[in-house]
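Let's take a friendly walk through this protein, one stop at a time. Please keep the viewer open as you read.

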Amino acid sequence: MGELNAGLLSSKAHISPKYFYDAQGSRLFDAITALDEYYPTRTEAAIFDSDATEISRVIPTRAVLIDLGAGNCAKAERLFPILNPDAYLAVDISSEFLFEALQGLGQRHPELPRYALAMDFSARFELSDSSTAWLAEKGLDDRPRVVFYPGSSIGNFAPHEALGLLQQVRAVCAAAGPGGGLLIGVDRVKSRTVLEAAYDDALGVTAAFNLNLLRHLNRVLGADFVLAHWKHVAFYCDHKSRIEMHLESLCEQTVRWPGAERLFRTGERIHTEHSYKWRPQDFQTLLTQAGFTSTEHWTDAEQWFSVFWATA
Ligand SMILES: C[S@@+](CC[C@H](N)C(=O)[O-])C[C@H]1O[C@@H](n2cnc3c(N)ncnc32)[C@H](O)[C@@H]1O
């Protein structure tokens with residue numbers, strides 16, 4: 001709770017985007033991916049479809065597929081036919097949603113060993129002792145590890161934080177059989193109009209997703225946020241190449257939670273997310289700095305989104 005207190009009480013209030021994801025937040029994110037304005041999901045899927053042969057050529061099959069921020073596990077499941085993994089390890093902070101998703105996947109793929117690792121990887125990503133023991137028990141501990149990190153979730157990390165996470169991912173891959181690596185989806189710098197629409201859709205689903213964070217805080221922190229007193233704000237910040245999402249106070253109000261309170265003035269904001277957009281050459285450099293060796297890169301016809309494979 002220290003992290004939440006510090007963020008809410010800071011002069012410019014901020015909350016980590018990981019707090020979007022209670023079970024309701026995960027469902028709202030799924031709804032976002034189906035919106036006309038939200039191009040990343042369908043664009044990334046189109047790249048996986050059009051470049052499937054090439055992707056399957058460079059990525060080891062019969063690997064342990066580790067899905068970082070697995071959500072509903074659907075993206076990884078669509079890749080099973082080309083990656084042909086021998087085990088699936090799904091990692092997510094939204095534990096209830098993750099267990100449900102993995103149960104559904106188990107009904108469709110009963111033969112595939114699967115493991116749910118409920119954890120917060122924002123501070124540090126490493127496999128838990130129980131998950132490595134599970135791999136050993138299945139005789140899979142020396143298989144190549146393929147970490148799958150789709151949807152440009154890496155954009156939630158500032159570049160220096162992204163570097164730290166990529167270094168940890170590389171270490172997880174390098175700790176097992178040769179040939180492992182990272183398959184990652186990265187959103188690219190593009191027109192402000194396209195970007196801002198994707199984070200402020202006409203139906204208001206992204207607004208609901210952002211506001212749901214306050215509901216989540218009311219539950220985990222015991223706070224008394226009134227959702228109707230806040231509005232969703234999203235804009236592209238050119239010089240930082242990032243979308244910013246905020247919640248803006250519609251009135252002067254005091255929010256209370258055990259041991260603390262804060263006055264928010266009309267128009268004051270809580271920063272809830274940034275989503276960095278990348279130029280491919282800069283992301284390639286980041287992968288090299290993180291210690292990955294060879295990289296491959298695929299994109300769509302409009303060059304809106306990139307998929308990278310980086311060998312650990
Ligand atoms: C943008 S969604 C992507 C879901 C899915 N992979 C996709 O691309 O459709 C981000 C996912 O990462 C999870 N997540 C966010 N922050 C996390 C953290 N710090 N640790 C673990 N999982 C996290 C969320 O619960 C959510 O399922």
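**A guided tour**

Gly 106 counts as buried because its relative accessibility is 8%; buried means under 20% relative accessible area, exposed over 50%, and partly exposed in between, with a 1.4 Å probe and protein chains only. You will find Gly 106 in helix α6, which covers residues 95-108; helices here are DSSP runs of H or I with at least four residues, strands are runs of E with at least two, and both are numbered from the N terminus. Between Gly 106 and Ala 63 there are 18 Å from C-alpha to C-alpha, and the two are 43 residues apart along the chain.

Before going on, note that this is a predicted model, in which local features need pLDDT of at least 70 and side-chain atom pairs count only at pLDDT 80 or more, while totals for chains, interfaces and linings use all residues. Residues are numbered from 1 along each chain as its sequence is written, and side-chain values use heavy atoms, with hydrogens and water left out.

Now turn to the ligand. It is surrounded by 17 residues, the closest being Gly 69, Lys 75, Asp 92, Asp 120 and Phe 121; to be near, a residue needs a heavy atom within 4 Å. Sorted by class, this shell holds seven nonpolar, six polar and four charged residues. Here Ala, Val, Leu, Ile, Met, Phe, Trp, Tyr, Cys and Pro count as nonpolar, Asp, Glu, Lys and Arg as charged, and the others, Gly among them, as polar.

Glu 44 lies in α3 and counts as buried because its relative accessible area is 1%. Other buried residues of α3 include Tyr 39, Ile 47 and Phe 48.

Most residues other than glycine have a negative phi. Arg 62, although not a glycine, has a positive phi of about 55°, and Gln 303 has one of about 60°. Arg 62 sits in the loop between α4 (52-58) and β1 (64-68), whereas Gln 303 is in the loop between β11 (295-299) and β12 (305-311). Arg 62 is partly exposed, at 45% relative accessible area, and Gln 303 is partly exposed at 45% too.

Our last stop is Thr 266, in the loop between β9 (260-264) and β10 (269-276). Is Thr 266 buried or exposed? Thr 266 is exposed, because its relative accessible area is 55%. Its contacts, leaving out residues up to four places away in sequence, are Ser 249, Leu 250, Cys 251 and Glu 252. The side chain of Thr 266 comes to 3.2 Å from the backbone nitrogen of Glu 252.

Methods:
Contact means heavy atoms within 4.5 Å. A polar contact is a pair of N or O atoms within 3.5 Å; within protein, one must be able to donate a hydrogen and the other to accept it, and residues adjacent in sequence count only if both atoms are side-chain atoms.
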